[in-house]
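Please look over the sequence and the structure below before reading on.

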Amino acid sequence: MTHDELVAYCMAKPGALGDEPWEGDLVAKVGGKIFAFLGGGALGVKCGPTADEAAELRHRYPDHVTVLPYIGRHGWNRVRVDGTIPDDELREIVDESYDAIVAKLPKRLRP
């Protein structure tokens, strides 16, 4: 999966909108909340409610998944998009991040 295909996949989610809160750093939002960081050729996603739960993906791909700076302690990981992680698994990672964010939205903001 290329980075452009990943961006298209994120933007195809119900209610997803692209935003660029920092110059050159695209994010995907739903209900005004970020569910994917898409800048720099990588993917930043919510992988669990805590850093401990997010660590599972880092253990499976130690050279390709790291703690996302600043918010990693809240369960966010940075995933290198270079073909190492299978496309189906990348889609599943995005789906889980999207679902986690949507679940926390007030019902009036859910798609």
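Predicted model: local features only at pLDDT ≥ 70, side-chain atom pairs only at ≥ 80, totals over all residues.

Residues are numbered from 1 along each chain as its sequence is written, and side-chain values use heavy atoms, with hydrogens and water left out.

Helix α1 covers residues 3-11, and Leu6, Val7 and Cys10 are buried in it (buried: under 20% relative accessible area, 1.4 Å probe, protein chains only; helices are DSSP runs of H or I with at least four residues, strands runs of E with at least two, numbered from the N terminus). Seen down the axis of α1, these buried residues fall within an arc of 100°, so they line one face of the helix; the arc is that of the directions from the helix axis to the C-beta atoms. They pack against β1 (16-22), β2 (25-30), β3 (33-37), β4 (42-46) and α3 (87-104), where contact means heavy atoms within 4.5 Å.

The largest nonpolar core has 32 residues, and Phe35, Ala36, Leu38, Leu43 and Val79 have the most contacts inside it. Such a core is a set of buried Ala, Val, Leu, Ile, Met, Phe, Trp, Tyr and Cys residues joined through side-chain atoms within 4.5 Å. α3 gives the most to this core, with six residues. Leaving aside residues up to four places away in sequence, Ala36 touches residues including Cys10, Val27 and Leu43.

Cys10 has a relative accessible area of 0%. The structure holds zero disulfides (pairs of cysteine sulfur atoms within 2.5 Å), because the sulfur of Cys10 is 12 Å from the closest cysteine sulfur, in Cys47, too far for a bond.

Note on methods
Buried < 20%, exposed > 50% of the residue type's maximum accessible area, 1.4 Å probe, protein only.
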